[in-house]
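Please consider the following structure together with its sequence. A short briefing on selected features is set out after it.

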Amino acid sequence: MNKYMIYLNGKRCIGCHGCEVHCKANKNLPVGPQLCEIDHSVMVKIKSVPKTEFTFRSCYHCEEPFCAPICPTNAMIKREDGIVYIDQEKCIGCMACAGACPWTIPQLNPETGKAVKCDYCMDRVDAGLRPACVTKCTTHALKFVIMQEVV
Amino acid sequence: MTKSVYSICGMCTVRCPIRVETENNKVTWIEGNQHLLGGALCAKGSAGPAMIADKERPQQPLIRDGARGSGRWKPVSWPTAYDYIADKLKKIKSEYGPESVVLSSRGGPWQGMYKSFIHAFGSPNYTNHDSTCGRNTHHSSLSLNGVGRKGFVYDIKNANHLVLFGRNMFSSLRIAENLQTLDMLDNGGKLTYVDVRQTITGLKSTRFFQVRPGTDYALALGMIHEIIRREAYDSDFIDRYVTGFDELCYFVEQYTPAWAAKECGVREKAIKNFIDEVQKDMPKVIFHPGWNLSRYKDSFYAARALHILNILMGNIEQKGGLIIPKGPGDCGKKGIRAIDVPKPDIKRGDGVGWKYKHFDKGPGLGHLFFPTMESEDPYPIKAWISMRNDPFSCMPDPKRQEQYFDKLDLLVSIDVHYSEFGWFSDVILPECTYLERDNGICVQKGPKPRFGRRQKALEPENDSKPSWEIFKNLADRLDMEDYFPFNSIEEYWKWQLEPTDYSVKDFEEKGFISLSDEVVMYDPEKLDGQFKTPSGKIEIISQKLDKAGLPSLKEYVSPIRPPKGMFRLVYGRSAVHTHGHTVNNPLLNELMPKNSLWINVKAANKLGIAHGDLVDVTSEDESYTGTVEANVVDYIHSEAVYMVHGFGREISRQTRCLHAGISDQKLMVNKLDDWDPAGGAINLCEAFVIVRRSVRNPKRRVEL
């Protein structure tokens, strides 16, 4: 079972897109790939105030990811804790993973010629830290949730 | 080896505290200071390292090698550039006097050095960008409270109700203030938002007034009327500290909520319900007196009305209200030393202090140097040094400004980027980025004051220099070395801290020196002496304004409606850009490469404009047109069109943002003289524009 998820508290989100840049800066990504994104719905009036809903999306880290078995070099790996990541050494940039993913989440890094995707900043997580987007969220709206089974 | 450095961000002028990790002179991690912001940082803050890698910035000193604005540059060494500037300045000084040189900066905690430089040179003419920003708010606070707009900080976290008139705080992003506001809302607090359009900030509001452009003053007057009619004000506070209350009561009698509702296009009942809430929430109600209120002809009086609303709440020095910022002295500590060369006793070239006596003499009013350039009265202006300030981007009508600036013998731009002014200037001195430079120690006043420090995290990549070194080197060449008694930043910090009990080591633990663990508050019953007006009271009828022949309570005049086919141009900010400074940053440009024109859906329908269509936006005199996509929305007033400021740049070395989007200030043709004689600021929302569906919308494909 997946151990982690990222939760967005929509009440605190101000749609500043900080998370998107925090991610890119941490992963040292060039212009092009974007591993997480903030979106919002069309404004509607609620109690005479026009409001919108913000949503956050990175990778769903599927229980049974389509991207992993299709990878010809076994570079797409699902860890015990549920994190789906790309072994950059093995990746050949064929982007079969992107084709297999229903949301086309893996993207090509034009600088390395390899696929990249959200891995919850697993190097940080393994060091006891939180993903970059959560750590630096401008309004502390993003939370890194460690899931526990409730008996 | 990993190095961790506490510093101060420089992507915008909020200057949030940060911590930076580096390895081999590369940033590996950057975050908001955990001790103050819990790590929070905005998109701009994370895009700082991308700015360093961006080679579309000046990388060594440049001297113009063609006509002004031609974009032809000759790279030179620092000594050559310093000598060039110093020789010109000496010549100008001997021919026209030192006062013919103006230095403008972007303000902030380190401006003392720039100001001292020009004062030491012998000129009183230090100025900044504020006549296009906070001057109206500042002068309105001075006229009422005797202290400027920074004379109060807002205890939003503990407030019950925050009222924002066009203060789009979640796009301006002062992170600490934003966190306070969201905490307040989480605790059940209320947010009332007033604007001509719905914004990110308005989305979080509990009450939203979408008003007709230019009617903020009317709404504030209606609120004052209703509060006074219900006697829902703090009469003890008013008796103790305020003069002119009776005149106010008499003045606002005509401005009923019904009248205000009609004038602003809102519901009377909503105003009355709002006052119900305020009555329950006071004194923990904050009427934010505005920030960039250099907008309408009556913005100064709108800001005064907002300050008056605070006064009615009696919220000064109350928890959840307006707090008087405390300095080292209030904590029983000694303050730091700062370079402060007194202003030479010469009339200012912008007329502030002698022709216009009711304005703050500090930075004067930048736009009032233009008439002096033309008339040479009281003396000619011959040189302009711009320290990170870009007059062409912040003031209206850059083409007209070019005509004025072209009369000058020397134009210098000191900046991290190419600015539009820099592109037109004679010499560009590249300052290194905030991650590559140290700055002096600064005092951060507030309820819990502290000393802050910007410390470099990296060695500069380009042949760029920190500002202290630039001014020091120029000073040495102009025989002013005695005013800058240091040779390194370490010596400067030591000299600054000498009167205190601290050393630079004390910054290491948290990146700042906390002067008090507790919030320092004055007794609200003993605020006498805090209001530095002529009478020592809060003056609703200002003696200073009286002397200047200006009314303290100005009759409301309804703003004119735009002529047929035209719209009032309203500008603002996005959370991912700092005006024109960041539009060429690779990562921020990727997020928002151009701006769009917000237009009301009904108004757009009448013009046959659909969402996403290209529209031509033309200045009133039809001398400037830009083409952008229309953002057709429900929640903007039909008289207004809106765009994010900072786009439409024309610097060919900034390829990413070259001609991308449209510039509001270039559309404000002939608006350089449209300024407020009472508040001093330029009226930036008094321009109308023509909007047409562009012929560039393709109908069908013709090319192969």
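This is a predicted model: local features need pLDDT of at least 70, side-chain atom pairs count only at pLDDT 80 or more; totals for chains, interfaces and linings use all residues.

Residues are numbered from 1 along each chain as its sequence is written, while chains are lettered from A and ligands numbered from 1 in the order in which they are written.

**Open sheet of chain B**

- Seven strands of chain B form an open sheet with mixed pairing, in the order S5-S4-S17-S16-S15-S6-S7; strands are DSSP runs of E of at least two residues, helices are runs of H or I of at least four, and both are numbered from the N terminus.
- Two strands count as paired if DSSP finds at least two bridges between them.
- At the edges are strand S5 (73-75) and strand S7 (126-128) of chain B, each pairing on one side only.
- From one strand to the next, the twist averages 20°, with axes fitted as lines to C-alpha atoms (for helices over the stretch in contact) and angles running from 0 to 180 degrees between N-to-C directions.
- Within this sheet, strand S4 (residues 62-64) and strand S17 (residues 427-430) of chain B run antiparallel and are joined by two bridges.
- B:Leu62 stands opposite B:Ile428 in S17(B).

**Closed barrel of chain B**

- Six strands of chain B make a closed barrel, running S22-S26-S23-S25-S24-S27 with mixed pairing.
- Neighbouring strands of this sheet are turned against each other by 45° on average, direction ignored.
- Five bridges pair strand S22 (residues 566-572) with strand S26 (residues 640-644) of chain B in the parallel sense.
- B:Val570 has B:Tyr642 in S26(B) as its bridge partner.

**Helix H12 of chain B**

- Helix H12 (residues 245-252) of chain B has the buried residues B:Leu248, B:Phe251 and B:Val252.
- Because these buried residues fall within an arc of 85° seen down the axis of H12(B), they line one face of the helix; the arc is that of the directions from the helix axis to the C-beta atoms.
- The exposed residues B:Asp246 and B:Tyr250 sit on the face of H12(B) turned away from its buried side.
- A residue is buried if 20 or more other C-beta atoms lie within 10 Å of its own, exposed if 12 or fewer, and partly exposed in between, with C-beta atoms placed from the backbone.
- The cover over the buried residues of H12(B) includes helix H10 (216-229) and helix H15 (299-313) of chain B.

**Contact between chains**

- In chain B, 33 residues are in contact with 25 residues of chain A (C-beta atoms, placed from the backbone, within 7 Å).
- Among the elements of chain B that each supply at least two residues to this side are strand S3 (26-32) and helix H8 (175-186).

Definitions and conventions:
Two residues are in contact if their C-beta atoms, placed from the backbone, lie within 7 Å.
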